[in-house]
Amino acid sequence: MKIWRSRTLVSSLAIGSALVITIAGCGKKETPESTESVPAPAGGSATIDPSTVGEVTGTVALVGSAPTFKAINMSAEPYCSKANTKTVMPQDVVVGDKGALDNVVVYVKDDLSKYSFDTPKDSVALNQQGCMYEPHVVALMAGQTLEVKNDDQTTHNIHPMPKDNREWNTSQPPGASPIDNSFARQEVAIPVKCNVHPWMKGYIAVLKNPFFAVTTKDGKFDLKGLPPGTYTIEAWQEHYGVVDQQVTIGPKESKSVHLSFNASAPPAGD
Amino acid sequence: MARLPGFNAGKTGSFWSLCAECDGTRIRRPAAMTQLLRLPVIHSRLSRSGPKLGFWAKLGRNQRRMPAAPNQGVHRFAIFTACCTVLLLTAGALVTSNDAGLAVPDWPLSYGSLMPPMIGGIFYEHGHRMIATLVGTLTIVLAVWLSLVEPRRWVRRLGWAALGLVIAQGLLGGLTVLLYLPPAVSSAHATLAQLYFITVLSLAVFTSPWWQSDLEVREDAGSPALRTLAVATTASIVVQLILGAAFRHNLFGIVPHLVGAGVAAVMVILTGVAIKKRFRDFRPLRRAMVLLHATFGTQILLGGVTYWVVFYASRNDPQPLPLFISVTVAHVVVGALTLAASMLVTLTCYRILRPSRAMEVSRSPERAAI
């Protein structure tokens, strides 16, 4: 009985130790410098003739009254409270003059399948300033580098939560070098949050073509360099979801599109 | 020292030694360690005769195997461990309600150290880890202490089982961090916490002087047996807790949890009615049932408030705010207390009730002969 007990105890300890070592070593965490391998650019072999390209411009607006949000409470982190002397409101729905919607990702949903596009070499910056993400919404191409900087004197952790890309969660203490990472697949849009500061939320829109824009307070967007054709222009807003519209542009033609979200529609994800 | 068949004579000075005064029945006498810890030594004569009994059958027969004097120290320590477990459950609920589950991205260290800056979500996540370490340590002490002084083998084994559960719980907690809170793992972590809690609670009950005293035992001639009803009620509450954890960690929607609440309510009412009908004047049962009714009723009310807060009042909050945090944490903790109350009812039924003779004979002639 004693021998059985001691053998069982030793075996249990061995198995438990092996489990702990395996678990500690097999986490999904990636180092900040490691990036997912980028798949080869999809699409066809057709090239865009620069002499025929047109553009689609327009505005995005909200029809109706925006929801009321409570002010952000940063008292859990003294540094963040001191960095923001004025009231900070959430950026879920930011409405400018005449209902113009800020932070809307507008992009060409289809059809550009006969073209292939190179991944830009320059990076897109996402800053952590005053314990908020700046900008609130960024857009970049699949495989393009996202550079995350911490301008605050406090530790943040950057946690994108994609559905179709690799998830990661990395801490960034004050003064740390920027974190570079990329996303291999189109996803509009990936929520990103800081688990240390629960009010910090942002979005990363990953597109597979270069025809996209993020609206500012005037709600305007401009998609330049589009080859002639018929396209679906889609607008994504974090609270209201998506709306789209078809547009046909001829050679060197410029068309204007107006997209609107209905304030009385249920929030996206309900 | 008399040499018994099968005994290794080379162990006379060892941790486990024989009592020369005994009639040859091998007992446990951890002399060296008890001297060191100044713990009272409890002798008991373990009879090897009779058929092997399962765990639940042993609960009901406990009164024939009681040690001479219950160890108050280990009983109080078990209660202390159970109370610390409630604190740990609260800390865990605070982590989820404050959305701080990944505030510390590494494990087992926190930001590469034992003590990171306790700011924002790190305060809740690392605080939870510190309390978990305390509870784990208490469980180790409890398991070892039981192995030293507890003569009932099944209680000693339950102590080791509690240790196994808390180790598994720690590993699950690490997995939730390393795998970025997968809903299934997070739900399993939440569920195992409750199972560990009732294990420690049971240890506190089994080591209590009340459990080990000479109690009045009554026959339960009703059908279904109260023991069965109590077990079914506890099981329904466990299932309800699993469904609640699954909703909280985004594995399921809210509907299964609402249905589970209805099922658990029916079971609690049925058990309460059975106790009132059959044992209206039996105080230990009535008290346990009043406790269950009180906690369950509070939990149902809290459930309603939580539903309103989660789906309406906090809908557009930019972050978890005090109303959301306090209501959701209270709902989790009272849920654990409800499970504890149901477990107390179940254990009480097994301790002070026995199936009627007629039912025992019809079920198992072998058991009826004991």
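Start by selecting residues 156-160 of chain A, which form strand β7: 5 of the 5 residues are buried, so this strand is largely enclosed by the rest of the structure. Buried here means that 20 or more other C-beta atoms lie within 10 Å of a residue's own; exposed means 12 or fewer, partly exposed is in between, and C-beta atoms are placed from the backbone. Strands (E, at least two residues) and helices (H or I, at least four) are DSSP runs, numbered from the N terminus.

A quick note on what you're viewing: it's a predicted model, where local features need pLDDT of at least 70, side-chain atom pairs count only at pLDDT 80 or more, and totals for chains, interfaces and linings use all residues. Residues are numbered from 1 along each chain as its sequence is written, and chains are lettered from A and ligands numbered from 1 in the order in which they are written.

Stay on β7(A) and show its side chains. In a regular strand they alternate between the two faces of the sheet. On one side you'll find A:H156, A:I158 and A:P160, on the other A:N157 and A:H159, and both faces are covered.

(Strands pair if DSSP finds at least two bridges between them.) Look for A:H156 bridging to A:Q172.

Zoom out to chain A: 2 helices and 16 strands, with 34% of its 270 residues buried.

Last stop: B:F324, in helix α10 of chain B. B:F324 counts as partly exposed, with 19 C-beta neighbours inside 10 Å.
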